[in-house]
Amino acid sequence: AFMVDELHYTRVIIYTIAFAYATKQQLRGRKFEKAEMAGLFSDEEIELMNQVEHVPMLMIDEIRRTIKAELVITNQAPGGLPSANLDLIMATDIKALVAELGG
């Protein structure tokens with residue numbers, strides 16, 4: 001299994017769902033709505049997210065941080081790469097994703 005830590009696994013799923021929702025809301029010029037995100041985030045977390053200019057990128061950053069944390073605790077870093085190299089690889093992949101999404 002790729003992820004052995006249940007918290008990491010759950011966080012990646014939640015932030016992936018939130019990414020899709022945040023992208024929809026961003027395209028509509030709207031912020032996160034508490035009623036629609038109930039159960040995934042607290043009201044305080046939603047209020048903080050709504051202060052960010054580009055919430056989909058925040059979700060991507062959270063997914064990246066969570067995957068990195070999982071790779072570190074399970075020693076699954078590709079080729080034994082140091083942490084800084086993982087950041088660079090993930091940042092490059094995220095820039096390519098944003099470019100494809102037209103951002």
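Both Y21 and F32 are buried, where buried means under 20% relative accessible area, exposed over 50%, and partly exposed in between (1.4 Å probe, protein chains only). The model is predicted, with local features taken at pLDDT of at least 70, side-chain atom pairs at pLDDT 80 or more, and totals for chains, interfaces and linings using all residues. Numbering runs from 1 along each chain as its sequence is written, and side-chain values use heavy atoms, with hydrogens and water left out.

Now to the rings. Three aromatic pairs turn up in the structure; rings of Phe, Tyr and Trp (its six-membered ring) count as a pair if their centres lie within 6.5 Å, with planes under 30 degrees apart called stacked, over 60 edge-to-face and the rest tilted. Y15 and F41 make a tilted pair, because their planes sit at 50 degrees, with 5.5 Å between ring centres. Y15 belongs to helix 1 (residues 6-27) and F41 to the loop between helix 2 (34-37) and helix 3 (43-49), so this pair ties together parts 26 residues apart in sequence. Helices here are DSSP runs (H or I, at least four residues), numbered from the N terminus. Y15 and F41 are buried too. The pair of Y21 and F32 is edge-to-face, at 5.1 Å centre to centre and 75 degrees between the planes. Y21 sits in helix 1 and F32 in the loop between helix 1 and helix 2, so the parts tied together are eleven residues apart in sequence. Ring pairs join Y15, Y21, F32 and F41 into a cluster.

Helix 1 itself has 22 residues and reaches 32 Å from its first C-alpha to its last, close to the 32 Å expected at 1.5 Å a residue; the expected span is 1.5 Å times one less than the number of residues. Its buried residues, among them H8, V12 and F19, pack against helix 2 and helix 4. H8 has a relative accessible area of 13%. Setting aside neighbours within four places in sequence, H8 is in contact with M3, T66, A69, E70 and I73, contact meaning heavy atoms within 4.5 Å. Y9, also in helix 1, is partly exposed at 43%.

Helix 4 (residues 55-74) has 20 residues and reaches 29 Å, close to the 28 Å expected. Its buried residues include V55, M59, I63 and L71.

What about charges? There are four salt bridges, each a side-chain nitrogen of Lys or Arg within 4 Å of a carboxyl oxygen of Asp or Glu. In the bridge between K34 and E47, the closest N and O atoms are 2.7 Å apart. K34 lies in helix 2 and E47 in helix 3, so the pair ties together parts 13 residues apart in sequence. K34 is partly exposed at 35% relative accessibility, and E47 is partly exposed at 41%.

R64 and D61 meet at 4.0 Å, N to O, and both lie in helix 4, three residues apart, about one turn of the helix. R64 is buried at 19% relative accessible area, whereas D61 counts as partly exposed at 24%. E62 and R65 meet at 2.8 Å, N to O, and they too lie in helix 4, three residues apart. Here E62 is buried at 15%, while R65 is partly exposed at 41%. R11, E62 and R65 are linked in a network of salt bridges.

How values were computed:
Helix = DSSP H or I, 4+ residues; strand = E, 2+ residues; numbered from the N terminus.
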